[in-house]
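Hello,

Here is the structure I promised to pass on. Please open it first, then read the notes below.

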Amino acid sequence: MAVSFVIVGLLGTRLKRLEYGGWVAVGFAGASMVVGVLVAAAEMLHPGHYSDANFTWLHLPGSPGTFPNGFSLVIGVLVDPISALMLLVVTVVGFLVMLYSIGYMHADRGLPRYYAELSLFLTAMTGLVLADNLLEFFLFWELVGVCSYFLIGFYYEKPSAASAAKEAFLVTRIGDVLFLLGIFIYFSVYATSGGGAGWAASGFLFVQGSTPFLAATMGANTPLLTVAGLMMLAGAAGKSAQFPLHAWLPDAMEGPTTVSALIHAATMVAAGVYLLAVASLFLGFTPDDRLAIVAVGGFTTFFAATMAVVHPDIKRVIAYSTISQLGYMVLAVGAGFAMVGLYHLFTHAFFKALLFLAAGSVIHAVGTQDLFKMGGLRKSMRLTSIAFAVGALSLSGIPPFAGFWSKDDILASVYAAARSNPAYWPFLILAYATVFLTAYYIFRAWYLAFSGEHARDATLPHAHEGPWTMRVPLLALSALAVVAGLFAFAPSFASLFSIGGGSGVPPTYSATELVLSAVSVGLGAGGILLATALWGNGRVYVLAPDSTLQPLRTILLQRYYVKAFYDWVGLTLVYGGSRIADWFERYVIDGTIHGFERLGTASSNALRRGQSGLVSDYASYVVLGVIGLLLLLLFVAPIVLATVGVP
Amino acid sequence: MTDLSVASLLFLSATLLAVGLFGILTRRNFILLLIAVEIAMNAAILNFVYFAAFTGTPGGLSGQAIAVVLVGLAATEVAVGLAIVLALNRTRGSINVAEATSLKN
């Protein structure tokens, strides 16, 4: 076990050799997948085992009174059940996407850059899940953020890609700064009061010896801790694209599809959910925090799904779907079922990566992302169409596909939470409504792309499947999207979902829960049927121009004007404020400086007249000065001294 | 040495200084100017020598030593001054300090 720590910890060094190309990256990703699987297997063999290897990088001694315990900055590797689980997701999906890239990206320029950045991302992501303290976590958190920026802007010569990268970076940055503020608040609370058993003093370590440093469940609201919890939520919202920081994720689809699959579906965006889960375990949320998290998650789930309903771009439909599914996870964590959220994270990583890679296969074949130009691809791309359908069924929550188990578990958990806290009810209803929308929009996309006789745009090239490097990951992920949900029913695997007591994974089925499942499956099936009725067999459902739904469609296509609002904030508030600041700088500050400057110039010019440049004149000034000083010393000084009384 | 009073010797120094200053203030020829500077400076050096002589050893020796150092200093000063004279002559064709006024700009 300890050996695999060291190996995983040292994986970062593989970055050095990436000039050699994709296969090197694939090889190392494969090696890290093997290690990841081994770590997870070892963790399963020893349920609830915590292994922490760290060293203290910096130690600040404490001072009595304000800062009694001192502070340590620790770097370490922690393998606990949930980090082993995350490691499994990250390395498996990472390896499959890396392999897929060989086929998908072969025609692109800048491949060393691509593989280097993707490997850096994988390194950062493994570091993130293995971090054993909050500060190290934050470090890797920023690192995955910057990798995301690089990879969204991979086609940097395209202005839309460059601006999408910038947008993603800036929007997540808002969350990151708030996250950091939250860490400061936790620090001030735990380091100065000596509370939290000197938790901050130990460097925010998640474990103490071999037991987790679990936070006590908070029954009451403490203002400072509530604010800190909200800051954690803001950080997670930025990274996981939750409302109102969600708008960057659809734009992030400007990056290569492989990047969308790995970073913006399976791993990095899930880091926000992971943060919330970690925070709920180790930091603790107050009841107000929980309600806020449930509200954000529940609202985002529905909000994002509505936008996916009308979008014509295959990747963006899936991107909205990702936001929506992340909302489910946030909802579950907020409702107090962090492990259920991670369960959905686990299954979602596989079926969403599958959907993205299948979409990538389509894009690779036809060279467009516009659903309305595609059609009839089922015949020429049988494997891709089946893979996409598997992903879509899993996403829709149809049993026995992976998504069914975890989504159902979330709905049942939130139902249980709502019974004790009525404020959760509206968000449970939104979550149920989303099940219907999800099934509808994803099958709409499937029908548009794959059904019908031929492509609607006749100019598209003849489609064909990609090389084996693209087909193998599709097959592997399809298999996982079918069975991943069932893993949790194996007791040893389910142990990965338990830190500190009951986890709610795997789902249990009492009579109430069976009814709830039936409702959600019914909603999902209803969504699929509606999609079939409207879009099946290559039909295109066109909304009548005078339909009352037309304004709604516009709002959805305009993404609820959130982007417009961002722009308004940017252009009116920030730019306007900057204009005022600019005026102030130009006329008040610069004016003052120029005033001094003019004063200096004018006085210099006046004094300049006195300068003859003649050496003799200066010499005479010196002589006169010396004589003047002598006179002062001999005649004036005694008088002055006598007057003030110095002998 | 004892025949001469300190006052008379200081009067000599003062006279030399006055002559030097007069030269500095009135001459326009750079070389004459340098000579005038040397005269004024020698007045100061002489003062060191007088006082050293009247004080006797060991304090007197340091006065004599300073005088020697100052003579050396004067020599270097003249060397620099003459170099300036040469440079001035080369660029302006004249060593009249009244014409060398461009530094005021």
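**What I found**

Chain A comes to 24 helices and 4 strands. Helices (H or I, at least four residues) and strands (E, at least two) are DSSP runs, numbered from the N terminus.

Some ground rules. This is a predicted model: local features need pLDDT of at least 70, side-chain atom pairs count only at pLDDT 80 or more, and totals for chains, interfaces and linings use all residues. Residues are numbered from 1 along each chain as its sequence is written, while chains are lettered from A and ligands numbered from 1 in the order in which they are written.

**Chain A overall, and chain B**

Of the 647 residues in chain A, 51% are buried. Buried means 20 or more other C-beta atoms within 10 Å of the residue's own, with C-beta atoms placed from the backbone. Take the contacts in chain A with a separation of 6 or more: 82% of them join residues 24 or more positions apart. A contact means that two C-beta atoms, placed from the backbone, lie within 7 Å.

Chain B puts 9 residues in contact with 9 residues of chain A. On the chain B side these divide into 6 nonpolar, 2 polar and 1 charged. Here Ala, Val, Leu, Ile, Met, Phe, Trp, Tyr, Cys and Pro count as nonpolar, Asp, Glu, Lys and Arg as charged, and the others, Gly among them, as polar.

In chain A, the axes of helix 13 (residues 314-334) and helix 17 (residues 402-420) come within 9 Å and cross at roughly 40°. Axes are lines fitted to C-alpha atoms, for helices over the stretch in contact, and angles run from 0 to 180 degrees between N-to-C directions. That makes helix 13 of chain A oblique to helix 17 of chain A. Oblique covers what is left after under 35 degrees (roughly parallel), over 145 (roughly antiparallel) and 65 to 115 (roughly perpendicular).

From helix 13 of chain A, A:Tyr328, A:Leu331 and A:Ala332 meet A:Lys407, A:Ile410, A:Ser413 and A:Val414 of helix 17. The residues of this contact divide into 5 nonpolar, 1 polar and 1 charged.

Helix 16 of chain A is mostly covered, with 11 of its 15 residues buried. Among them are A:Phe388, A:Val390 and A:Leu393. Just after helix 16 of chain A, A:Gly397 takes a positive phi of about 80°.

A:Ala241 also deserves a look. Its phi is positive, about 55°, although it is not a glycine. A:Ala241 lies in the loop between helix 8 (223-239) and helix 9 (248-251) of chain A. A:Ala241 counts as buried because it has 30 C-beta neighbours inside 10 Å.

Best wishes

Notes:
A residue is buried if 20 or more other C-beta atoms lie within 10 Å of its own, exposed if 12 or fewer, and partly exposed in between; C-beta atoms are placed from the backbone.
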